[in-house]
Amino acid sequence: QLAELEAEKEEETQRLVDEARQKEETVKAEQKKLQTKLATSGATMSDLQAQNSALQSQLAELEAEKEEETQRLVDEARQKEETVKAEQKKLQTKLATSGATMSDLQAQNSALQSQLAELEA
């Protein structure tokens, strides 16, 4: 009986060893496959980090340009608004001194306000 049990134990041990070898070979084959895939893709971790860094720099640059452009447009709109207001004041003075009626003045004022609203939009 002892010999029989030892034989069964030996068979079981051999089966487990074979199973472990098979799993090891499968894992190694999968590892090699993944390494090959990584190598052929040419994308190492440092390449991706460098690309990421470059993209972040470009994004920061574009955001700065956008901010500058926005500020330029705001300044330009303020300048146009001041110009329109000055022109409006000039016309009001001219109309007042030329004896224009109230309705003429209101019509011109309304037209200037429309222009101002267009510029502000």
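pLDDT is the predictor's confidence in each residue, from 0 to 100. I looked up the chain average first: 87, with 97% of the residues scoring at least 70.

I noted that this is a predicted model, in which local features need pLDDT of at least 70 and side-chain atom pairs count only at pLDDT 80 or more, while totals for chains, interfaces and linings use all residues. Residues are numbered from 1 along each chain as its sequence is written, and side-chain values use heavy atoms, with hydrogens and water left out.

Elements next. I found 3 helices and 0 strands in the protein chain (DSSP runs numbered from the N terminus; helices are H or I, at least four residues, strands E, at least two). Mean pLDDT is highest in helix α1 (residues 2-41), at 90, and lowest in helix α3 (residues 102-120), at 85.

The C-alpha atoms fill a box of roughly 130 × 30 × 20 Å along the principal axes. I found 4% of the residues buried (buried is under 20% relative accessible area, exposed over 50%, partly exposed in between; 1.4 Å probe, protein chains only).

Last, I counted 12 salt bridges (a side-chain nitrogen of Lys or Arg within 4 Å of a carboxyl oxygen of Asp or Glu). R15 pairs with E12 at 2.6 Å, and salt bridges link E12, R15, E19 and K23 in a network. In the bridge between E30 and K33 the closest N and O atoms are 3.8 Å apart; K33 is exposed at 56%.
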